[in-house]
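Me: Got a model here that I'd like to go through. Can you take my questions one by one?

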Amino acid sequence: MGDYRKMWQDLGLDMESHDQLLEVLPPTYHDVYLTQENRPQIMEYFDFVVNENHGLRIEELQQHKSAGGKVIGTFCVFVPEEIIRAAGGICIGLCSGIEIGAGEAEKVLPRNICPLIKSFMGFKLAKVCPYFESSDMVVGETTCDGKKKAFEILNDYVPVHVMETPHMKKDRDRKLWEEEVKDFARHIEEFTGNSISAGSLAQSVRESNDKRRALKRLSELRKRDPVVISGKDCLLIEQIAMYDDVARFTAKVNELCDELEKRLESGVGIFPAGTPRVIVTGTPMAIPNWKVPHIIESSGAVMVAEEMCTGMRYFENEVSEQGTDIDSIINNVAERYLGTNCAVFTPNTGRMERLTELVKEYRADGVIHCALSFCNPYAVEANRVEQVLRQQGIPLLKIETGYDQEDAGQLKTRVEAFVEMIKE
Ligand code: SF4
Ligand code: SF4
């Protein structure tokens with residue numbers, strides 16, 4: 001990485017805490033990612049993006065801002081990125097997958113709150129994240145109570161617009177959500193000073209759909225045995241999808257798929273044929289939360305799909321490209337987002353149905369349900385997942401964990417025992 005210290009200082013980062021963060025990430029990345037053998041060549045691009053996480057991409061954001069553009073940060077896949085881009089903004093998924101600034105966060109939050117909320121508040125209060133410091137506005141949502149209340153506090157430090165997300169999928173919920181998306185579009189127009197036209201929205205819908213199609217193409221390739229790419233690499237790509245430049249990212253994922261298709265022709269796999277296949281489901285794993293995936297793939301199994309928002313839920317549904325006037329395109333956008341099977345919905349039978357379909361489609365030998373500690377929606381919904389999978393005879397391992405490494409040894413023992421069991 002080049003020398004970006006002046007840029008970071010100008011952004012107002014706490015240089016000492018930021019240096020500590022930069023010291024942690026490269027060794028973790030090396031151990032989790034760079035020790036993998038026989039990785040596809042194009043993964044070099046994604047390694048480069050991670051390496052330049054706080055460098056080149058931030059420089060791009062600053063250039064955009066200098067030219068009068070806005071950067072908008074988000075925490076949830078419910079926030080329609082198409083609308084932000086249609087008004088000339090850049091949408092950045094803020095990560096919050098590492099325990100840093102927890103002490104600062106605990107000054108304004110209770111100790112026992114999910115690590116994701118604690119992490120985003122810690123990032124902001126400790127001034128360690130250049131994406132946060134580049135964000136002119138943050139968009140929150142009312143998906144879970146902890147986030148909903150934390151956004152009120154976050155608003156003391158950065159302007160926050162909160163979208164009211166429904167918790168059911170009845171007709172009246174659809175109407176409420178459509179109104180919220182329309183309100184959001186108006187708010188973004190005001191904030192950016194740019195109006196959204198049917199043409200600009202249709203174009204950003206196409207671009208987001210192209211990104212989703214590229215990710216779906218990658219996902220399809222994981223159905224084969226031997227698998228041609230590790231689940232860890234796919235998770236990384238799904239995490240990068242949320243903040244990289246859309247057109248460049250889409251092109252790189254398609255290049256990766258071209259390379260993987262060649263690998264398939266020659267029968268080259270990343271793990272031997274017959275490696276036990278698992279699907280990971282649960283709370284999204286924000287970058288750099290790679291603990292459980294690393295344990296899984298170093299315990300003799302391969303992740304073949306992620307039924308999470310850092311995974312299938314982010315890309316499997318597309319926005320219909322049929323509409324031509326602004327109202328119908330906005331309604332198409334709203335419709336697509338309401339198809340997300342987040343655990344905050346009740347009932348959330350769509351998630352159970354999708355999960356069992358995925359087990360068949362990806363020929364998975366088992367499912368690992370991973371909920372973040374204190375994440376009530378996923379920890380409670382694990383009961384429904386267990387019930388449905390048991391009825392279908394699908395092996396399940398349930399894990400609850402945070403961002404620290406204290407339980408890594410114990411988790412490894414449990415995952416290894418599960419892998420041994422599904423091998424038989
Ligand atoms: S799990 Fe729910 S709240 Fe979290 S990112 Fe996904 S949709 Fe949003
Ligand atoms: S849904 Fe779970 S992980 Fe996400 S913010 Fe709420 S409690 Fe935290």
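Me: At what angle do helix α11 and helix α13 pack, and how far apart are their axes?
Reply: This is a predicted model, where local features need pLDDT of at least 70, side-chain atom pairs count only at pLDDT 80 or more, and totals for chains, interfaces and linings use all residues. Residues are numbered from 1 along each chain as its sequence is written. Helix α11 (residues 198-221) and helix α13 (residues 246-265) pack at about 20°, axes 9 Å apart. That makes α11 roughly parallel to α13 (angles under 35 degrees count as such).

Me: And which hand is the crossing of α11 and α13?
Reply: Left-handed, meaning the near helix is turned anticlockwise from the far one by less than a right angle.

Me: What about α3 and α12, at what angle do they pack?
Reply: About 55°, with the axes 11 Å apart. Helix α3 spans residues 43-51 and helix α12 residues 231-240. The crossing of α3 and α12 is left-handed.

Me: Switching to ligands. Which residues are around ligand 1?
Reply: Cys-76, Val-77, Phe-78, Thr-143, Lys-147, Pro-284, Cys-309, Cys-342 and Tyr-378 (a heavy atom within 4 Å).

Me: How does that shell around ligand 1 split by class?
Reply: Seven nonpolar, one polar and one charged. Here Ala, Val, Leu, Ile, Met, Phe, Trp, Tyr, Cys and Pro are nonpolar, Asp, Glu, Lys and Arg charged, and the others, Gly among them, polar.

Me: And which residues surround ligand 2?
Reply: Cys-114, Ile-117, Cys-144, Lys-147, Thr-283, Leu-372 and Cys-375. By class, five are nonpolar, one polar and one charged.

Methods:
Chains lettered and ligands numbered in written order. Heavy atoms only, no water. Axes fitted to C-alpha atoms, helices over the stretch in contact; angles between N-to-C directions. Helix = DSSP H or I, 4+ residues; strand = E, 2+ residues; numbered from the N terminus. Parallel < 35°, antiparallel > 145°, perpendicular 65-115°, else oblique.
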